[in-house]
Amino acid sequence: MTIALIYHSDCVLHQAGESHPEQPARVTVIQSALEHYPFRAPVAFYQAPLASREQLISAHSQSHVDWIFSISPRNGFIEIDADTWMNPHTLTAALRAAGSVPFAVDLVMQDKAVVAFCNIRPPGHHAEREKAMGFCLFNNVAIGVMHAIVKYHLDRIVIVDFDVHHGNGTQNIFQNDKRVLYCSSFEHPFYPGYEPELDNTHILSVPLSAGTTSEVFREKIQAAWFDRIEAFQPQLIFFSAGFDAHVNDPLADLQLTEEDYVWLTTQVAKIAGTHCKGKMVSVLEGGYSLESLAQCVPAHINAMVMDYN
Ligand SMILES: [Zn+2]
């Protein structure tokens, strides 16, 4: 029952400007918390490898990948959009972030770990097949999901995305792919804009109004997801783990607490225990309160390996 914790110090060198909320300290604060947390199962630390081109183009167009490589600056910053910037270290950080998830999938699928967490940045769930946006260049989780599909021939994969922003990139990539059940909760109306007409039988969106409390969050998630995930009989479950729906997050307006993340993770872990031997891969997305990240990330990971009997 080993927990794999994957990280790379290259992810610290990416900067999008000094006042940008997606700051290097996010992953260093988390890493420090992980090193000291009393996990209920043994922990193994790993360094994230660089993503291969083949992995990148499993979820993105070749032209998108080529474009990101071509604009990587030698010095200073390049602006992709008002939120999304590259410095000379961003490309390497993004390749570590994208490479961490297929690596995590290998560890879990080859029984070297039961669960894995990727403490990486830049995040990924806003990156569409052909578009970088919202702090994201490559869709890390989508690249990991495609790795599980291509290398392990899985065809029932669940993504639980509890970041406060809608994962437009993940939905874009798996819009017509029934091998993936995409469960996403997010504040609405809010960035980047959610289009309900795009939802279908394998895209389960839970829009939440500003100010949503723990109680309402749990009711809506319970009603929308657990029976559907159970019926899907997942072979592997991913979390797009953003912690910006936390009550203390500076970017959003929901009121979740550490206990809500533990609750959701525990419910999903029970289903994973029934259908896929508890195998889960979780990947950091957003979350901009350093204190909340340091508390919630280890608690979320610990709940992934809860004794579900
Ligand atoms: Zn977010």
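## Overall architecture

The chain contains 10 helices and 10 strands; helices (H or I, at least four residues) and strands (E, at least two) are DSSP runs, numbered from the N terminus. This is a predicted model, in which local features need pLDDT of at least 70, side-chain atom pairs count only at pLDDT 80 or more, and totals for chains, interfaces and linings use all residues. Residues are numbered from 1 along each chain as its sequence is written.

The C-alpha atoms fill a box of roughly 55 × 40 × 40 Å along the principal axes.

## Burial and contacts

Of the 309 residues, 53% count as buried. A residue is buried if 20 or more other C-beta atoms lie within 10 Å of its own, exposed if 12 or fewer, and partly exposed in between, with C-beta atoms placed from the backbone.

Two residues are in contact if their C-beta atoms, placed from the backbone, lie within 7 Å. Among contacts between residues at least 6 apart in sequence, 73% join residues at least 24 apart.

Two packed helices are described by the angle between their axes and the distance between the axes. Here, axes are lines fitted to C-alpha atoms, for helices over the stretch in contact, and angles run from 0 to 180 degrees between N-to-C directions. Helix α9 (residues 258-275) packs with helix α10 (residues 290-304) at an angle of about 20 degrees, their axes being 8 Å apart. That makes α9 roughly parallel to α10; angles under 35 degrees count as roughly parallel, over 145 as roughly antiparallel, 65 to 115 as roughly perpendicular and the rest as oblique. The crossing of α9 and α10 is right-handed. A crossing is left-handed if the near helix is turned anticlockwise from the far one by less than a right angle, and right-handed if clockwise. Helix α9 contributes E258, Y261, V262, T265, T266 and A269 to the contact, while α10 contributes Q295, C296, A299, H300, A303 and M304. By class, this contact of α9 with α10 has 7 nonpolar, 4 polar and 1 charged residues. Ala, Val, Leu, Ile, Met, Phe, Trp, Tyr, Cys and Pro count as nonpolar, Asp, Glu, Lys and Arg as charged, and the others, Gly among them, as polar.

Helix α9 also meets α8: the axes of α8 and α9 come within 11 Å and cross at roughly 15 degrees. The two helices α8 and α9 are therefore roughly parallel to each other, and their crossing is right-handed. Residues of this contact include F217, I221 and F226 of α8 and W263, L264 and I271 of α9. The contact of α8 with α9 divides into 7 nonpolar, 2 polar and 3 charged residues.

## Helices α5 and α6

Helix α5 (residues 90-109) and helix α6 (residues 140-152) pack at about 40 degrees, with their axes 8 Å apart. Helices α5 and α6 are therefore oblique to each other. Their crossing is right-handed. Among the residues making the contact are A97, V101 and V105 of α5 and V141, G144 and A148 of α6. By class, the contact of α5 with α6 has 11 nonpolar, 4 polar and no charged residues.

## A buried tryptophan

W225 belongs to helix α8 (residues 214-232). W225 is buried, with 22 other C-beta atoms within 10 Å. Not counting residues up to four places away in sequence, W225 touches C183 and L204. W225 and C183 are 42 residues apart in sequence, and their C-alpha atoms are 6.9 Å apart in space.

## Backbone features

Most residues other than glycine have a negative phi, and most peptide bonds are trans. The peptide bond from R121 to P122 is cis, with omega near 0 degrees, and P122 is found in the loop between β5 (115-119) and α6. A cis peptide bond also joins Y191 and P192, with omega about 0 degrees; P192 lies in the loop between β7 (180-187) and β8 (203-208).

D111, although not a glycine, has a positive phi of about 60 degrees. D111 is in the loop between α5 and β5 and counts as exposed, with 10 C-beta neighbours inside 10 Å. H153, also not a glycine, has a positive phi of about 55 degrees. H153 lies in the loop between α6 and β6 (157-161) and counts as exposed, with 8 C-beta neighbours inside 10 Å.
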